[in-house]
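Here is a short report on one protein model. Please keep the sequence and the 3D view open while reading.

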Amino acid sequence: MSDASTSRKSTNPRLEAVLGHEFFAAHHWKRRIALWLGAILVALAAIVFAKASDWSFGLFEKMVAYKPWLPLCVTPVVFGILAWATEGKLRAARGSGIPQVIGTLHVEDQGFRERMLALPIALSKMVLTLIAMAVGASIGREGPTVHVGAGLFHSLGRRFGYTDPKAASRFILAGGAAGIAAAFNAPLAGVVFAIEELAGAFEHRFSGLLLTSVIVGGVVSLGVLGNYSYFGAVDVNLPFGNAWLAVLATGIVGGLLGGIFARLVLLSRRGPLAYIGRFRARWPVIFAVGCGLALAILGLISHNTIYGTGYDQARAFVQEAAQTPGQWFGINKLFANTVSYWAGIPGGLFSPALAVGAGLGHNIAHFLPGVPAAAVVLLGMSSYLSGVTGAPLTSAVIAMELTDNQSMIIPIMASCLLARAAASLFSPTPVYKDFAERLVRDFEERQRKDLAADEARADAIAEAIASTEVGKSSEPTNRTTAFEDMSTQPTQEELGLESTAEPEPHPEPPEGDEHDPPRDHR
């Protein structure tokens with residue numbers, strides 16, 4: 001039997017070599033299945049979320065068409081409810097979601113990752129964002145999609161047995177990349193965003209995970225929605241020469257305003273913005289109600305153009321439509337984004353930032369009559385996004401993919417780099433990174449407090465034990481005890497009698513005596 005088996009193996013050495021290749025290893029196939037399944041789920045979640053967002057904002061548009069003043073009543077109340085709902089266990093569902101993903105990539109503590117990326121957090125993120133859109137919040141869905149993607153990949157990776165912190169980090173990164181790629185239908189932007197913004201570095205081991213998740217998610221998106229550009233194809237280019245003044249103008253203006261916006265939403269701990277931050281920390285619900293009221297007033301002033309993601313308005317600018325939101329759209333949208341983000345409700349920054357940049361580019365184009373207006377709008381979109389996020393490469397790739405335009409890539413990259421430098425005058429640290437650092441600092445501070453509390457508890461126990469020992473050893477000695485009374489009586493030896501009782505054995509000390517030093521159960 002063994003000879004026959006040996007002969008069969010020896011007659012197929014090539015087949016053995018192929019089957020023994022690393023490609024067929026069971027653990028590699030388990031990881032591939034986890035990645036493919038995760039990418040499919042993220043793509044489907046992004047598609048459902050996009051459709052639900054359009055439906056939700058459609059409800060708001062019907063409300064405004066019925067009574068334009070209704071947002072003055074409805075929006076503040078719902079903003080307050082959302083702020084109240086995210087004060088407790090759902091606090092991780094606040095804001096964009098991208099800082100939470102960045103924080104979990106830099107903190108390998110499982111408890112921290114569970115709080116930031118748990119499936120209930122991802123689900124509540126989507127639901128609460130839809131509610132915010134139903135009352136006109138000036139927010140986007142791309143940041144929440146990144147958060148949901150990272151949460152799904154993290155949970156799926158753990159179910160497949162990838163509990164090692166490094167392996168979990170790779171799944172989180174792949175989920176974030178799949179989320180941004182599915183949200184914009186921009187696979188290259190997803191990869192670049194994961195490397196530049198989420199991870200902050202590139203490792204060779206990450207490349208396969210990123211590409212696999214993005215490709216599978218892209219195939220699902222193509223199969224369901226077809227091949228499309230987010231803002232439609234924009235066939236325009238920027239001639240060399242004086243037209244490059246548009247690069248300089250959009251880079252400086254977009255970068256400065258992007259840096260100002262980042263500084264506004266960060267609410268630094270010093271200066272005038274610190275008062276706003278302290279007020280929000282003390283009365284978050286009342287502050288959110290005020291933000292909702294400010295947004296509704298801005299909506300009335302702007303003829304209801306500043307609500308929602310700003311997608312339709314940005315598309316009108318970049319496609320040079322006959323009807324556009326007007327000259328003040330960019331500035332009004334910037335303030336709308338600010339008060340929406342101040343409220344602390346769930347929602348992203350990407351789409352609203354692109355809308356602001358499109359409005360600013362439209363304004364700058366009026367001062368450059370010899371330059372194609374669509375090209376200036378495209379530069380404005382990318383430069384402002386670069387100023388806000390501090391990610392020039394991601395901003396350039398997103399602008400290129402969202403408009404299906406490769407001829408503008410060099411001017412766009414130049415404008416984005418210039419905008420990043422200009423934005424650093426007001427916001428040296430990019431907004432997502434700053435928020436992520438705050439999350440990490442809060443977590444580390446909480447850990448230090450817990451450790452100090454455990455040490456104080458252990459010291460208190462030790463002091464209590466020490467005081468008990470001292471109390472027993474300091475009992476008064478001038479009292480006559482039974483032993484002393486017996487010791488004053490004559491013994492048998494003194495009376496000349498022999499002792500007939502056997503000596504009692506000396507008792508063994510019990511294990512784990514109460515006077516042992518306390519064990520550290522931490």
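Glutamate 320 sits in the loop between helix H15 (311-318) and helix H16 (329-342). Helices are DSSP runs (H or I, at least four residues), and strands are E runs of at least two, numbered from the N terminus. The model is predicted: local features need pLDDT of at least 70, side-chain atom pairs count only at pLDDT 80 or more, and totals for chains, interfaces and linings use all residues. Residues are numbered from 1 along each chain as its sequence is written, and side-chain values use heavy atoms, leaving out hydrogens and water.

Aspartate 404 is in the loop between helix H19 (392-403) and H20.

| Residue | Phi |
|---|---|
| Glutamate 320 | near 55° |
| Aspartate 404 | near 50° |

Neither residue is a glycine. How accessible is glutamate 320? Glutamate 320 is exposed, at 51% relative accessible area. Aspartate 404 is partly exposed, at 43%. The classes are buried (under 20% relative accessible area), exposed (over 50%) and partly exposed (in between), with a 1.4 Å probe and protein chains only.

Valine 219 belongs to helix H11 (residues 204-225). Valine 219 counts as exposed because its relative accessible area is 53%.

Next, a helix pair. Helix H18 (residues 373-389) packs against helix H20 (residues 409-423) at an angle of about 35°, and their axes are 8 Å apart. Axes are lines fitted to C-alpha atoms, for helices over the stretch in contact; angles run from 0 to 180 degrees between N-to-C directions. The crossing is right-handed, meaning that the near helix is turned clockwise from the far one by less than a right angle. H18 contributes residues including Leu378, Leu379 and Ser382 to the contact, and H20 residues including Pro411, Ile412 and Arg420. Contact means heavy atoms within 4.5 Å.

Now the whole protein. There are 22 helices and 0 strands. Buried residues make up 48% of the 522 residues. Among contacts with a separation of 6 or more, 80% join residues 24 or more positions apart.

Confidence comes last. Mean pLDDT (the predictor's confidence in each residue, from 0 to 100) is 82, and 82% of residues reach 70 or more. Over residues 1-10 the pLDDT is below 50. Residues 477-522 also stay under 50, with 20 contacts beyond four places in sequence.
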